[in-house]
Amino acid sequence: MRVLVGGGTGFIGTALTQLLKARGHEVTLVSRKPGAGRITWDELATSGLPRCDAAVNLAGENILNPLRRWNEAFQKEVLSSRLETTQMLARAIAKAPQSPQVWVLVTAYYQPSLTAEYDEDSPGGDFDFFSNLVTKWEAAARLPGDSTRQVVVRSGVVLGRGGGAIGHMLLPFRLGLGGPIGSGHQFFPWIHVRDLAGILAHALEASHVQGVLNGVSPASSTTNAEFARALGAALGRPALIPLPSTVVQAVFGRERAVMLLEGQKVVPRRTLAAGYQYSFPELAAALKEVIA
């Protein structure tokens, strides 16, 4: 297939591109900068959709960037980087003389809870900035009619070498200064980057897949404390020093801190039912590969 990937130059996009090319697909990236095998967002807006069989959007400013203050300007960037790129791709798909067979969007977020269990049929809601964002984001992707199969993959915390959540954690854990965030009791919905890329490839290739898939590992009852212990064990270091909730709130701001301090139990029920087979269903093996 010819696959168009929006925001494909980042951590997840790089993994997806490698996997798709290994499976014999042709990949064109949509990015801010021109280059070989790429088109720019401006070119997409003016010239329309290039001929392709599938489109994926991964574009979006990193919400949990600890170097960015959680102020109105950054919130606008977080919103526009997701909504505008998604609207642009959806509009180009709708106007294309030959529609792609499939359109896949990667989003994330269920209401933080220490007790609730979410699967793909759980409602998103509108209870804070992030849920409001995801509701708008997924609505922006919807296409009229049914000539193009539509899939939304709601991703968990992505683990992988050279990027994702692990990037900020490795140094303190290597120094033996790592530990759980806050109480550590909150659920930690994780996925290895190779599996997220695998779920996306499965959604593109398997014509029976449509609707929402949860892009999380089947080890859905993992807590933050268990994750910290497993990462410490993989590095051969203790992981006993908790990061107090007051520090998390000071660094990320109260609204973003909730994502880290409360967590969610997310089950990939439809992902498993769709026939996806995980490469890293267990946390220990996933972390061993990440830090190898």
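Colleague: Which residues line the second largest pocket?

Modeller: Rolling a probe the size of a water molecule over the atoms shows where empty space is left. On a 1 Å grid over the protein atoms alone, a pocket is an open set of points where a 1.4 Å probe fits, with protein on both sides within 12 Å along at least five of seven lines, and lining residues have an atom within 4 Å of a point. Here the lining consists of Phe 11, Thr 14, Ala 15, Gln 18, Leu 19, Gly 160, Arg 161, His 192, Val 193, Arg 194, Ala 197 and Glu 289. Helix 1 and helix 6 are the elements that give two or more residues to this lining, and helix 1 supplies the largest share, 5 residues. Helices are DSSP runs (H or I, at least four residues), numbered from the N terminus.

This is a predicted model, in which local features need pLDDT of at least 70, side-chain atom pairs count only at pLDDT 80 or more, and totals for chains, interfaces and linings use all residues. Residues are numbered from 1 along each chain, and side-chain values use heavy atoms, without hydrogens and water.

Colleague: How do the axes of helix 1 and helix 6 cross?

Modeller: Axes are lines fitted to C-alpha atoms over the stretch in contact (heavy atoms within 4.5 Å), with angles from 0 to 180 degrees between N-to-C directions. Those of helix 1 (residues 11-22) and helix 6 (residues 193-205) come within 9 Å and cross at roughly 55°.
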